[in-house]
Amino acid sequence: MSQFDDALLVLLLRDIYGPLVATVVDTLLKEGRLTLPLLARYSSLPSSAIQRALIPLIQLRFVLYWVPDDRPDSSPYYVAAPDRIYAALVRAGSFVSYVEDRFPDLPAAPTVVKNLLLYGHIRASDYLAAAADADQARDALTALLKCKLLTTLSRAEFSPDEDRYRAVFKQKLALIPRKTTVSETKREQAAEADAQQEWIKVMSVHDFPNDGLVLSDKKTKKSSSSKKRSRDYALSSSSSTADNMVVDESAILTLNHDKFVVLMRSQVLAALARRRIGSVTAAVYEQALECMEPKLFRCRNSTTATPVVTGLEILKHLDPHLDLGSSIAAPRRKRSSSKSSKSSKRTSSSVDSESESESDSGSGSSDSERSRKRRRRSRSRSSSHRKKRRKTAASSSSSSSGSESDDGSGDGDGSEDDKVKSSRFEHLGMHLALLCHNPALPFLKKLSSRGGGEYTIDFEVLMGAIQALEYDQLIARKQGAVACRLLRIIRSKGRIDEKQIAQIALLPVKDIRAHLTALHECGSLDLQEVPKGTDRAPSRTYYLWFHKPASAYALMTQQIVRTMTRCYARVVEERKKRPGIMSKLAREDVKRDEEGMLTAAEKEEVKRLRAAEEKMLAQISRLDRLVVIFRDCI
Amino acid sequence: MQVDTNGFHCFKGLVKMLRQGDDLCYQAVKKEDAEKVQSMTKDEAMVYSYIEASGSEGIWTKTIKAKTNLHQSVVQRCLKNLEGKRYIKNIKSVKYPTRKIYMLYNLQPSIDVTGGPWFTDSELDTEFISSLLSIVFRFIASESLPSEDDKPIAPPPKHRKRKSSSKKSSSSSSSSKEKQVSYDQLSFPASYSKYPSLSDIHDFVQNSGITTVDLALSDIKALVDVLIYDGKIETIDDGMSYRVVLGATAENGADLGGDEDGSGGVAWDAYTEVPCGHCSIVDLCKTGGPVSAEECVYFDEWLIQ
């Protein structure tokens, strides 16, 4: 987190929670960890006011506290948690809308998220007692817990991770006895290794599938209804008893921002697959990611191995109406493709019949609902380029359908059904192969042919490639296509001289120099001087250009966050410009009846203000997608 | 050849003395060439011999001066005379654009001097290159994307769907119709091996008659590499063949205009859409600074859009 990120957080806090809270967090971000007296001194605020501000901040876990183990009665240190503030404030809107999309038949789910964004953490029983419809709330909590968007919270998590790790380390170090034969460094290394192992356990404490869930009491009616509802989400929980689980009322719940980043990443990946391969393959990919989802807990510092998904598993959950075959073109001349299809047919035909029947029974109303939603999404995203392709696809399909119906008429009914299933599996394999055989962007990695093919994702490689791609696109739009070409050349060659770049890029040296300087200015390139002699004369020096991805991405992220800050600052300013209308809108009676209480001119003004707000806030959440790619994905 | 006649022949300019390793050899000279040399003054002949020896590489005037030990003005005069008689010509080198380089009038400058097919009059012919790039890109695109003649391996299952959907709820049959509009994709399977290779592209460019310049395989490789660096194509099969990157357009693949990319591109373009993405004084911009988001005129324009 840089000072620019901090500026955004402070700005958001000032607008949402008021100047007092913002000042406290600002001081903590600038000065690091502070005790209450020090905090009062640096912020020039009275202690009582700071305490008032700290209560909600701690409740929301925007500020964490730490009491040293060896001095339990000393005053605690307070530490700001910028990552959490960022996640909770910037991603609030996308979190709610994602939950709305994902659980269309659970109206209480978005409300749960909204409340948790407001309160930070809630005991399940308290929430159920306060909720208008306890049954609906319970279903929503259970569903959200099952897909890990909610997680339980323990007291320890109100302390900073670094301190907790130090405590674990100290504990482990004390366990290893001091010996004269073993050096102190070695002892510390051993303790470090032990502590890290222990830490992985601590970090993954919420990762087991039934976290925050208990077996439901089957006698009550409530749980049976929840059982029915939760059926569709059972796929996201690997446990076989998942259907019978409901929320543990004694659990303290909070939002799991790590998991939400995982889901955002999946959306980014699927969108990219749609652009680079096609919408049908992207739908298959989306399904593959969804199958992996229960085992993906966080993007950064992931302690678990990347999960493996099999072809059969994907097929089982795949939208049954998704037409796989029509999107793969037949090779122009007959080739060896028949060989591969034969082998997969053999394995699939027997296993497939049962998987298909399962998917039929498993797909309830919500499944089709979700798929419809997905379809809508894909349609809205489809580009003009696709439109061109659509024409070709439509014409080819119409030309082929006639001939194909002749072929199909000879088949009997029963055998045809089997054939459809096996060919469907075969077609799925082709889509998965498309995802695997993509050298620039390896969407999937095939591990073996067991279970209809075992697939995984090498997130580090894939996200690295996506970051590079995304960065190139930003550079291309900002500096032009030529600059992007030069950047790619430099990236692939390592360190390279201007003349050689010109030679490879097939551009005159004098033309590329301006582009290189511009790239240098924006931080994507660096220059190394290698003198030929001892005199370091410029004419006798090699100048080698090179690209450092990590620093370039960090600088780009900084620019993006600064842009978000500016957007939000403008929103605040737009409101400030209209003090009259804002104070009127804040009145209770106006809130109740905006239509009646405002004049026509005021309505016009409010409309304009809201349009500006909307545009800025939408832009912020779209910019956040870039932040996810550059900062939070790996 | 008799030794005693050597002097005579050398004098007449009909035989040249050469050194091959440690041995001295003699080479016959064409009569016309010999006559040419005969008509020159001594100095001119000396300058001419060095220019002749340089072959298709050409020779720099300074080098001539150093080798002949003649005065600058003498060399200049000789060169002027020789050029006037059309025995030699002045050429421009790509490597050293400022040097005056001479070579025999009837010779073609070598690739080192001219810079290969990409140079016209010792300047990089960017228009020629960019037109070739777009032609090569279109060729690869046409070869690596299914055309209208290509049929899917399975047609959109209209008749099949009706049978299976009759068992299911009525809503699904209506949604299946929707699907054929929304899911549109036609890709070659991953095992497709007819993507063009370098020699295919070479053959295409040579046979298409686009250019009279003879392009070697390495020149085509250079073109294809540029396309790869532009993000328009990618290599597959360990770099043996090439295919187009989806989402790249023929004219400006990386420079995605708003219309080119449609709605799909917008989601990827959040940063450059905001005025800050193109602002040149963005580093000065902060609240209370010389420029700030609160007073930014570009934001005003952008908000009205």
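Tutor: Start with A:Met292, which belongs to helix 14 of chain A, a helix that spans residues 279–292. Keep in mind that this is a predicted model.

Is A:Met292 buried or exposed? Its relative accessible area is 0%. The cut-off for buried is under 20%, so A:Met292 counts as buried.

Now its contacts. Set aside the neighbours within four places in sequence, and A:Met292 touches A:Pro307, A:Val309, A:Leu444, A:Tyr455, A:Thr456 and A:Ile457. For a distance along the chain, take A:Glu313: 21 residues separate A:Met292 and A:Glu313 in sequence, and their C-alpha atoms are 10.0 Å apart in space.

The largest nonpolar core has 81 residues. Those that touch the most other members are A:Phe103, A:Leu144, A:Leu149, A:Leu150, A:Tyr285, A:Phe443 and A:Leu444. Look at A:Phe443 in particular. Again leaving out neighbours within four places, A:Phe443 is in contact with A:Leu269, A:Leu272, A:Ala273, A:Ile277, A:Tyr285, A:Leu435, A:Asn438, A:Ile457 and A:Leu462.

Next, helix 13 of chain A, residues 257–276. The axis of helix 13 comes within 10 Å of the axis of helix 28 of chain A, residues 600–632, and the two cross at roughly 100 degrees. The range from 65 to 115 degrees counts as roughly perpendicular, so that is how helix 13 and helix 28 of chain A stand to each other. Helix 13 contributes A:Val261, A:Met264, A:Gln267, A:Val268 and A:Ala271 to the contact. From helix 28 come A:Asp624, A:Arg625, A:Val628, A:Ile629 and A:Asp632. By class, this contact holds 6 nonpolar, 1 polar and 3 charged residues.

Step back to the whole of chain A. Chain A has 28 helices and 14 strands. Of its 634 residues, 51% are buried. Among contacts in chain A with a separation of 6 or more, 70% join residues 24 or more positions apart.

Some of those strands form an open sheet: 3 of them, in the order 1-3-2, with antiparallel pairing. Strand 1 (34–35) and strand 2 (63–66) of chain A are at the edges; each has a single partner strand, so one side of each has no neighbour in the sheet. Strand 1 pairs with strand 3 of chain A, residues 77–80, over 2 bridges. There A:Leu34 stands opposite A:Tyr78.

Strand 1 (residues 15–20) and strand 2 of chain B pair in the antiparallel sense over 6 bridges. B:Val15 has B:Ala28 as its bridge partner in strand 2. The hairpin leaves 2 residues between the strands, and B:Gly21 in the turn has a positive phi of about 65 degrees. How many of the 6 residues of strand 2 of chain B are buried? The number is 0, so strand 2 of chain B lies largely in the open.

Terms used. Residues numbered from 1 in each chain as written. Chains lettered and ligands numbered in written order. Predicted model: local features only at pLDDT ≥ 70, side-chain atom pairs only at ≥ 80, totals over all residues. Heavy atoms only, no water. Pairing = 2+ DSSP bridges. Helix = DSSP H or I, 4+ residues; strand = E, 2+ residues; numbered from the N terminus. Buried < 20%, exposed > 50% of the residue type's maximum accessible area, 1.4 Å probe, protein only. Contact = heavy atoms within 4.5 Å. Core = buried A, V, L, I, M, F, W, Y, C linked by side-chain atoms within 4.5 Å. Axes fitted to C-alpha atoms, helices over the stretch in contact; angles between N-to-C directions. Parallel < 35°, antiparallel > 145°, perpendicular 65-115°, else oblique. Nonpolar A, V, L, I, M, F, W, Y, C, P; charged D, E, K, R; others polar.
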